[in-house]
Amino acid sequence: EGFVDDLKVRAGWGQSGNQFTGLNFAYLSALNSSIRYVIGTGQNTIMAPAPTSFANPDLKWETSTQTDIGVDATFMKGSLILTFDYYHKLTSDVLLGLPIPFVSGFFLPTDANIGEIKNTGIELTVNYNNHIGDFNYSVGGNLTTVKNVVTDLGDIPQIITGIGGAQTHRTIEGESMGHFYGFKTDGLYQNQAEVDAALPDAFASTADRAPGDIRFVDVNGDGKIDADDRTYLGTPFPGFYYGLDFQADYKGWDFSMNLRGVGDKQIYNSARESLEGMQGSNNFSTQVLGRWTAEGSTNSSWSPRLTRDDPNNNNRYSDRWIEDAGYLRIQNIQIGYSLSSEKLMSWTKGFVSRMRFYAGAQNLATFTNYTGYDPEVGRTQSFQKGEFNLATGQDGGASPLPRIVQLGWSVTFN
């Protein structure tokens, strides 16, 4: 008998549409009845209706065209099963929230059909099952990669967005959608000679700059630091997803464990910004105890000097606040023991046919370099409607997933 039991090559092509934008009836001008106005010589406040989102009557469905080429294979008398897919998905007339100038009187972005986005990658699933005597086991794994590229924005050169009107994300042709956009850092000024040799900075008070301040990178090489030096800092969308699954049983005992994770992903840790910015009268994180205090004490741009006024604008949006957020999580784990059905039927005179005791846990542990509560975050809490795909991946300190421990006893009666 051969090693390969079954082999199938397949290909597919299709189109699908989507009308969801996060806001119902986005093509109509909706009114909010709780807007406050200040009127009259007495400057009294009243509530009256007003439109809060800019309607777009030209909205239409976005269209996704996907091509898929795959292989399904079975080996070793069904013990090893493999599935592989390559996909190419092109979405046109993409429905996204387009920021509009505040002078329009509207705070929230308006929904619009904007350009094209391409997603390509592979999906791989492998499962193996076997036994050694009475010990049965199976091991499985899966991997999905995603390469996201904006291929067309029409007449729009770039879209700069952020939660609450901030400028923290950018969408531009040739890069991933809604990537982090800000300044790069290059350590700290260690002495006055380095400060004196520093480049002019449009966002800093050069005269008050001092050792211990952050050195920002002149990305475009024009001899100064300004808005044109903002650049790509990472993406909130994972480059790959993966999972592992283990199952085994032996003479009444059973065990299962499921792990999942993501990689090539970054997060804007705005919660850490408020704890380590060393501004205001709020409590600081213990991380600031390792701040720069003298030449050579540290060169980490995470730990500049303590200053009341921050003349160098060390707290500006930069890679200081962007962290790698890949993780591996033990999603579920459980061990159990089932009593012999024959003995149960005999002991209970046929009344009970099955009895199992088990212990398990959900979200038992997460392995990550991310310093926040949970690397699995979408965006910060805000008045922004829905999941704002052009400005996601911001952690404002949202509560992490709870760790759940379970003890159980299940009984099956006849």
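Buried means under 20% relative accessible area, exposed means over 50%, and partly exposed lies in between, with a 1.4 Å probe and protein chains only. The structure is a predicted model, in which local features need pLDDT of at least 70 and side-chain atom pairs count only at pLDDT 80 or more, while totals for chains, interfaces and linings use all residues. Residues are numbered from 1 along each chain as its sequence is written, and side-chain values use heavy atoms, with hydrogens and water left out.

**View A. The salt bridge between Arg356 and Asp254.** A salt bridge is a side-chain nitrogen of Lys or Arg within 4 Å of a carboxyl oxygen of Asp or Glu. In the pair of Arg356 and Asp254, the closest N and O atoms are 2.7 Å apart. Arg356 belongs to strand β22 (residues 352-362) and Asp254 to strand β18, so the contact ties together parts that are 102 residues apart in sequence. Strands (E, at least two residues) are DSSP runs, numbered from the N terminus. Arg356 has a relative accessible area of 10% and is therefore buried.

**View B. The salt bridge between Arg10 and Asp68.** The two side chains meet at 3.6 Å, N to O. Because Arg10 lies in strand β1 (residues 4-18) and Asp68 in strand β4 (residues 62-75), the pair ties together parts that are 58 residues apart in sequence. Arg10 counts as partly exposed at 25% relative accessibility, whereas Asp68 counts as buried at 17%.

**View C. The salt bridge between Asp226 and Lys224.** The side chains of Asp226 and Lys224 meet at 3.9 Å, N to O. Asp226 counts as buried, at 13% relative accessibility, and Lys224 counts as partly exposed, at 40%.

**View D. Strand β8 and its antiparallel pairings.** Two strands pair if DSSP finds at least two bridges between them. Strand β8 (residues 116-132) pairs with strand β5 (residues 80-92) over 13 bridges, and Glu123 in β8 is the bridge partner of Asp85. Five bridges join β8 to strand β10 (residues 147-152), where Lys147 stands opposite Thr120. A further pairing, of 10 bridges, joins β8 to β9, and Asn136 in β9 stands opposite His131. The strands β8 and β9 form a hairpin with two residues between them, and Gly133 in the turn has a positive phi of about 65 degrees.

**View E. The aromatic pair of Trp253 and Tyr337.** Rings of Phe, Tyr and Trp (its six-membered ring) pair if their centres lie within 6.5 Å; planes under 30 degrees apart count as stacked, over 60 as edge-to-face and the rest as tilted. A search of the whole structure finds 10 aromatic pairs. The ring centres of Trp253 and Tyr337 are 4.8 Å apart and the planes stand at 50 degrees, so this pair is tilted. Trp253 in strand β18 (residues 253-263) and Tyr337 in strand β21 (residues 327-338) are 84 residues apart, and the pair links distant parts of the chain. Trp253 is partly exposed, with a relative accessible area of 47%; Tyr337 is also partly exposed, at 29%.

**View F. The aromatic cluster around Phe135.** Tyr128, Phe135 and Tyr137 form one aromatic cluster. Phe135 is found in strand β9 (residues 135-145) and counts as partly exposed, at 33% relative accessibility.

Technical notes:
Helix = DSSP H or I, 4+ residues; strand = E, 2+ residues; numbered from the N terminus.
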